[in-house]
Amino acid sequence: MTVAVVAAAAAFTVSPERVRIAAGSRAALTIRASGPVGASVTLGTTGYRLDLRGRPVLGGHRVRWLAVFPRALVLRRGGSAVVNVLTRRPTQPGDHVAAVVVTFRPSGAGTTTAVRVGAVVVVRTQGALRRVVVIRSLAYAAGRLRLVIANAGNVVETLRLVVRLVRRGVAAVFRARRRLLPGSRALLEWRVPPRLHGSFTASVTIGGVRAGRTFPLRL
């Protein structure tokens, strides 16, 4: 997850970009300055969520169950370092999501803009795991289908969604994939071909979880 990018010549990376670990354990991240300059580096943790359209958003709350060490270091040109991600045990069972944010400040004259790169950390606490995805609504407006779904469970879901418009047979099929964090909602949109108009039955199915629903639609 790249939060901000400046000069193309400055190649700063964090790997892996996504880490899934058990609560109370640790993981390692490798940070690199593979471009023509080194950097001073600071590290921290922050909240992480996805907005309605699936775009990452950082911040919003303090993450008490996640820490990173060391918090600061210096990378030479072409250098790399390994940092440790430490987790405590969140009180509630299920998946808990946050981010480690690495800020690179390139060394050398004239390089004053920082580069921020992040890794998403998913920590699972053992207990009763619930997989509940709810199809909230499906509507048609301004030439688009708008589907709202919600994750009422406590695990991260990677969903395959299919919407079929039916009238004397299947008239159109719309597909999408979306990652949905616990307790969050998502909005998905598809443009409907102008040739489709009139009354339809729309069926919505979600692969991987038992979720399905039908809606009457007038296009």
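Start your tour at the largest pocket, which has a volume of about 170 Å³. A pocket here is an open set of points on a 1 Å grid over the protein atoms alone, where a 1.4 Å probe fits, with protein on both sides within 12 Å along at least five of seven lines; lining residues have an atom within 4 Å of a point. The model is predicted, so local features need pLDDT of at least 70 and side-chain atom pairs count only at pLDDT 80 or more, while totals for linings use all residues. Residues are numbered from 1 along each chain, and side-chain values use heavy atoms, without hydrogens or water.

Now select Tyr-48, Arg-49, Leu-50, Asp-95, His-96, Val-97, Leu-181, Pro-182, Ser-184 and Arg-185, the residues that line this pocket. Two elements give two or more residues to the lining: β4 (39-50) and β9 (94-106). Strands are DSSP runs of E, at least two residues long, numbered from the N terminus.

Next, stay with β9 and pick Val-102. Val-102 is buried, with a relative accessible area of 1% (buried means under 20%, with a 1.4 Å probe and protein chains only). Show its contacts (heavy atoms within 4.5 Å): among them are Val-14, Ile-31, Val-41 and Val-115.

Finally, look at the neighbours of β3. Strand β1 (residues 12-15) runs antiparallel to β3, joined by 4 bridges; Ser-15 has Thr-30 as its bridge partner. Strand β8 (residues 80-87) is also antiparallel to β3, with 7 bridges, and there Val-85 partners Ala-27.

Key
Points joined across faces, edges and corners; volume = space filled by probe spheres on them. Pairing = 2+ DSSP bridges. Buried < 20%, exposed > 50% of the residue type's maximum accessible area, 1.4 Å probe, protein only. Lists of a residue's contacts leave out its neighbours within four places in sequence.
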